[in-house]
Protein chains: 2
Amino acid sequence: MNQTGIRFSKKSQRTPESPISYFMEQALRNPHLISLAAGMVDSGSLPVEHISATVSELLADPKVARAALQYGTTQGHRKLRENLLTHLHNLDGVDPRQNHVSVEEVVVTTGSQQLLYLLSELLLDAEDIVITEAPSYFVYHSVLQGTGVEIRTVPMDEEGMIVETLDELLKSLDESGDLRRVKLIYTVDYFQNPTGLTLSSERRKAFMEVVQRFSAKQRLLVLEDAAYRELRYDGEDLPSLKSMDANNQNIIYSGTFSKPCSPGLKTGYAMLPADLVEPLIRLKGNHDFGSSNLAQYILNHVWETGRYHTHVAHLRDVYRLKRDAMLDALQTEFGEISGAEWTSPHGGMFVWLTLPEGTLTGTGTPLLRAAIDEGVLYIPGEFGHIEIDGKKPRNEMRLSFGDATIPMIHEGIRRLRVAFDKSNLARIEKRGLVSSAI
Amino acid sequence: MNQTGIRFSKKSQRTPESPISYFMEQALRNPHLISLAAGMVDSGSLPVEHISATVSELLADPKVARAALQYGTTQGHRKLRENLLTHLHNLDGVDPRQNHVSVEEVVVTTGSQQLLYLLSELLLDAEDIVITEAPSYFVYHSVLQGTGVEIRTVPMDEEGMIVETLDELLKSLDESGDLRRVKLIYTVDYFQNPTGLTLSSERRKAFMEVVQRFSAKQRLLVLEDAAYRELRYDGEDLPSLKSMDANNQNIIYSGTFSKPCSPGLKTGYAMLPADLVEPLIRLKGNHDFGSSNLAQYILNHVWETGRYHTHVAHLRDVYRLKRDAMLDALQTEFGEISGAEWTSPHGGMFVWLTLPEGTLTGTGTPLLRAAIDEGVLYIPGEFGHIEIDGKKPRNEMRLSFGDATIPMIHEGIRRLRVAFDKSNLARIEKRGLVSSAI
């Protein structure tokens, strides 16, 4: 008996296939492919010994062990939340007594991705507007598409989001009566995924000025996605937007253990304005009534034993070399290509490569096919863009130095150059500009 | 500056506060309270040594360790999914070669709660209908309320859901043209939360006959929540509804490691009709792109080393004694109360107590206040009911023998009887039937 098909929900119908999942699975399935695509972290430096020792110590105390293996609360392990708040204060150089964020405003989630999802679910209906950077994090765009909201974007330069353009956008929305539809501004303000760009110190102040000015009319919420913040390889840390949100009214700060510790524990966290907390936890209660309690106990112990800081310091050294390798390889392979340019991130795991105008990088293009033939994978830049008037840049790509080793990074960029040449050649041949003898 | 309030999404506004979260937190905060309320598992038998040994072994192999601490796939660890499918085949006595469910139709989730949530999100819009048992699992009702669907219910007796009534309900929905609105039937068919009742062998066949008959017109999906299945203390296991779904068209089977192993690992799983899998994973990708990979590796190793089966066999012995203790205590304390009756579950962790007509058990009632004064907590039965014509039973309660020890179970039921007497006395006094001298 063949029964009828399923009528899926409107939300399900709106939700696009995630490009990232596809590329992550490609990388997992084809071990000979050099993946500069997926956002995997460096495998070689995963904290195997730290976690192993931590779990042994943790489970040696029967009382603690039982608490860790039992259900926790939906909001998350209290000690971990306390430690995370202290951590944020330390990073920002803020006196905890002067700060308006308390442990009651810290929530633990299943990776920071769940926070992004829950927050969208908490705030957004189809008639709302969300402002993101152009380009922005692909998976978050997919979440937003599931909600049906209108996405407006603000371009970036070397100093991150161009705040003047944000100001103009908000002004024009205010003039058209649409300011009240603006529910959220999303920024990955440290070593952005996908570009590697960071919101500069000056821009942070300007950004907060704009947000607070418009908030006098209509309270604006900002999701500050700081997933990569602790993976900084040069220069000094910059204070978070959260630290400038003196009354805890506008900024939702989102952090994660996936990048600076281990994605396998899938634990993220957020510091939120007080009035968002209870409604968010209510939704999370329906999702899972709390993320893995054992993972939270492990991370808290990794934290309290100082292993976390030791590990992050080590990671910075590991990734710095990989970042340098990628920038060197790009200089070697693409330095002489007119119109090719790339970002030089001070942290994170991504470099954004722009190829000469007309070089298409997307799914089904000669370049992507040639790249896979040569054995290298990247993320097409167009996944990070929203179409404006039917158009978006199609000559960019995200390159990750997260998981690939240094020799693989060199070899991967070399293969990419070969693929670039071959696809260019094919293009030129197609135009009949090259004799068949070549 | 005091800024304006937030305009939350329609979904957030529809989502009620979860009664379970409140009671779980009460129990965590008041250690002297005997909680017969929350669905915590037995703390004393949590598999501390098993997990500790497992993690040591797992992380001793650097290659495996790195895979466990890295990102996994959204669908879940493949070996674990294979083992779970074999497990289901073994439980059901099904020849894998004869079965139409493959490893591609197994999905791992953050506890079975996440599966319940994702499935609702996948299928339901506000105009749809979901059929549940009366009473049913409180938290799932809360999820459904968040979607805005219409909830229709089917009563239960000692053999579980009354399938004749389901048949009549579907007929009447068909006649009114509403059959196409029926997106899901939800059943907890083993030792139900909250009643402890199990769908009998005969009823299972009748249920599948009804589902398949109506599916010739309009394909019906059933969520078979088998969370408590493996915690059986008497008699033989019954085949799942899934095992009778020969073409893998109608039944979504949901299982979990939380009850038979450890809630702290927050890992559940489902076997689904093939056409639901990709759209479900797409949504899950936006939620978290995969549940904790380390938890999945741990559970797979607990599985492959045989520790899982050893542990479940041990748990059955532990819980059987606790179930017996609760039934004994109820007989001692409430055996002579006319109109008081309770279920005698063959597994799980819940007993459903019905008090004499007129004895209100809900929030704010004299009985619940007296119970907290005496130091015992239960879940009011009305949380499990949906109002029909403005009415629902209000004289029932869910009693859990999950976390309380045997002496606590006896003492808790004794306190409950004291609270029952005091609240009854107060009621009689209020009516002026008792002299002030008493």
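Reader: Over the face of which residue does R204(A) lie?

Author: A charge sits over a ring if NZ of Lys or CZ of Arg is within 6 Å of the ring centre and within 35 degrees of the ring normal. R204(A) is placed in this way, at 4.3 Å from the ring centre. This is a predicted model, in which local features need pLDDT of at least 70, side-chain atom pairs count only at pLDDT 80 or more, and totals for chains, interfaces and linings use all residues. Residues are numbered from 1 along each chain as its sequence is written, chains are lettered from A and ligands numbered from 1 in the order in which they are written, and side-chain values use heavy atoms, with hydrogens and water left out. The residue under R204(A) is Y190(A).

Reader: How far from the ring centre of Y190(B) is the charged end of R204(B)?

Author: In chain B, the charged end of R204(B) sits over the ring of Y190(B). Its distance from the centre of that ring is 4.3 Å.

Reader: Is Y190(B) buried or exposed?

Author: Buried means under 20% relative accessible area, exposed over 50%, and partly exposed in between, with a 1.4 Å probe and protein chains only. Y190(B) has 0% relative accessibility, and therefore it counts as buried.

Reader: How many aromatic pairs are there over all chains?

Author: Rings of Phe, Tyr and Trp (its six-membered ring) pair if their centres lie within 6.5 Å; planes under 30 degrees apart count as stacked, over 60 as edge-to-face and the rest as tilted. By this rule, the count over all chains is 20.

Reader: What is the angle between the planes of W303(A) and Y308(A)?

Author: W303(A) and Y308(A) are both buried. Together with F257(A) and Y269(A), they form one aromatic cluster. The pair W303(A) and Y308(A) is tilted, with 4.8 Å centre to centre, and the angle between the planes is 35°.

Reader: What is the order of the strands in the open sheet of chain A?

Author: Helices (H or I, at least four residues) and strands (E, at least two) are DSSP runs, numbered from the N terminus. Two strands pair if DSSP finds at least two bridges between them. The sheet has eight strands with mixed pairing, and the order is β2-β9-β8-β7-β6-β3-β4-β5.

Reader: Why is one side of β2 and of β5 in chain A left without a neighbour in the sheet?

Author: β2 (106-109) and β5 (160-161) of chain A stand at the edges of the sheet. One side of each is left without a neighbour because each has a single partner strand.

Reader: Which residue of β6(A) is the bridge partner of I129(A)?

Author: Strand β3 (residues 129-134) and strand β6 (residues 182-187) of chain A run parallel and are joined by four bridges. In β6(A), the partner of I129(A) is V182(A).

Reader: In chain B, which residue of β9(B) is the bridge partner of S254(B)?

Author: Strands β8 (residues 251-256) and β9 (residues 268-271) of chain B pair in the antiparallel sense over four bridges. The partner of S254(B) in β9(B) is A270(B).

Reader: Which residues does I337(B) touch, not counting residues up to four places away in sequence?

Author: I337(B) is in the loop between α12 (307-334) and β10 (341-342) of chain B. It is buried, with a relative accessible area of 15%. The C-alpha atoms of I337(B) and P356(B), 19 residues apart along the chain, are separated by 7.9 Å. With contact taken as heavy atoms within 4.5 Å, and apart from residues up to four places away in sequence, I337(B) touches P356(B), R417(B) and F420(B).
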